[in-house]
Amino acid sequence: MRAEDEALILACIPSLRRYARGLTGDPHRADDLVQDTLERAWSRYSRWQRRGELRAWMFGIMHNHFIDGMRSANRRADQTAAGELPDVPVRATQADHLEVRDLDRCLQALPAEQREVLLLVCVEDLSYQETAQILDVPMGTVMSRLSRAREKLGALMQGRDAGNRLHRVK
């Protein structure tokens with residue numbers, strides 16, 4: 001691999017870390033996800049067809065690896081007996097600012113499909129087309145998910161969740 005190619009991959013690390021942190025909500029799991037993504041990108045670099053941006057290709061690798069991990073974890077959770085549940089790690093919040101913590105909590109409350117689109121478009125500044133390619137969905141789906149994600153995130157940040165309101169029944 002050429003030095004320029006290595007530099008291009010290394011330049012993607014900050015963006016990959018932000019996206020991984022948004023997906024997982026845990027800095028340690030995010031670092032593991034970034035490392036796995038970099039290993040896959042490095043070993044499969046010759047398969048990159050240079051049709052799009054390298055960063056978008058790497059986000060696709062990360063997204064697919066994250067989804068595979070979630071599916072695998074769900075299968076393992078189904079196989080774990082009720083008495084054998086693992087301890088849930090507690091996220092350290094001592095150094096976090098309250099607003100960032102609240103935003104992170106609200107982001108994690110979004111459905112995964114909406115959170116992924118919101119992070120790719122708003123944080124990573126990818127186009128709708130690139131996001132659609134990464135997530136393997138139509139561009140219209142990206143736009144509607146983004147709209148719903150923005151609306152729900154705004155409601156959560158203001159302390160009102162439009163989807164969880166109690167309705168009065170007479």
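## Overall make-up

How many helices and how many strands does the protein chain have? In this predicted model, the protein chain has eight helices and zero strands. Read from the N terminus on, the order of elements is α-α-α-α-α-α-α-α.

The protein chain has 170 residues, and buried residues make up 35% of them. The accessible surface comes to about 11400 Å². Carbon and sulfur atoms account for 51% of that surface. Contacts can also be sorted by distance along the sequence: of those between residues at least 6 apart, 64% join residues at least 24 apart.

## The aromatic pair

The structure holds one aromatic pair. Its members are tyrosine 19 and phenylalanine 59, and the arrangement is edge-to-face. The ring centres are 5.3 Å apart, and the angle between the planes is 90°.

Which parts of the chain does the pair link? Tyrosine 19 belongs to helix α2 (residues 13-24), while phenylalanine 59 belongs to helix α4 (residues 54-79). The two residues are 40 residues apart, so the pair links distant parts of the chain. Are tyrosine 19 and phenylalanine 59 buried or exposed? Both are buried.

## Helix α6 against helix α8

Helix α6 covers residues 112-123 and helix α8 covers residues 139-157. Their axes come within 8 Å and cross at roughly 95°. Angles of 65 to 115 degrees count as roughly perpendicular, and therefore α6 and α8 are roughly perpendicular to each other.

On the α6 side, the contact is made by Glu113, Gln114, Val117, Leu118, Val121 and Cys122. On the α8 side, the residues are Val142, Arg145, Leu146, Arg148, Ala149, Arg150, Lys152 and Leu153. Sorted by class, the contact of α6 with α8 has eight nonpolar, one polar and five charged residues.

## Helix α7 against helix α8

Helix α8 also packs with helix α7 (residues 128-135), at an angle of about 105°. The axes of α7 and α8 are 8 Å apart. Because of this angle, α7 is roughly perpendicular to α8.

Which residues make this contact? From α7 they are Tyr128, Gln129, Thr131 and Ala132, and from α8 they are Met139, Val142, Met143 and Leu146. By class, the contact of α7 with α8 divides into six nonpolar, two polar and no charged residues.

Technical notes
Residues numbered from 1 in each chain as written. Predicted model: local features only at pLDDT ≥ 70, side-chain atom pairs only at ≥ 80, totals over all residues. Heavy atoms only, no water. Helix = DSSP H or I, 4+ residues; strand = E, 2+ residues; numbered from the N terminus. Buried < 20%, exposed > 50% of the residue type's maximum accessible area, 1.4 Å probe, protein only. Contact = heavy atoms within 4.5 Å. Areas by Shrake-Rupley, 256 points an atom, 1.4 Å probe, with all protein chains shown as cover. Phe/Tyr/Trp six-rings, centres within 6.5 Å; stacked < 30°, edge-to-face > 60°. Axes fitted to C-alpha atoms, helices over the stretch in contact; angles between N-to-C directions. Parallel < 35°, antiparallel > 145°, perpendicular 65-115°, else oblique. Nonpolar A, V, L, I, M, F, W, Y, C, P; charged D, E, K, R; others polar.
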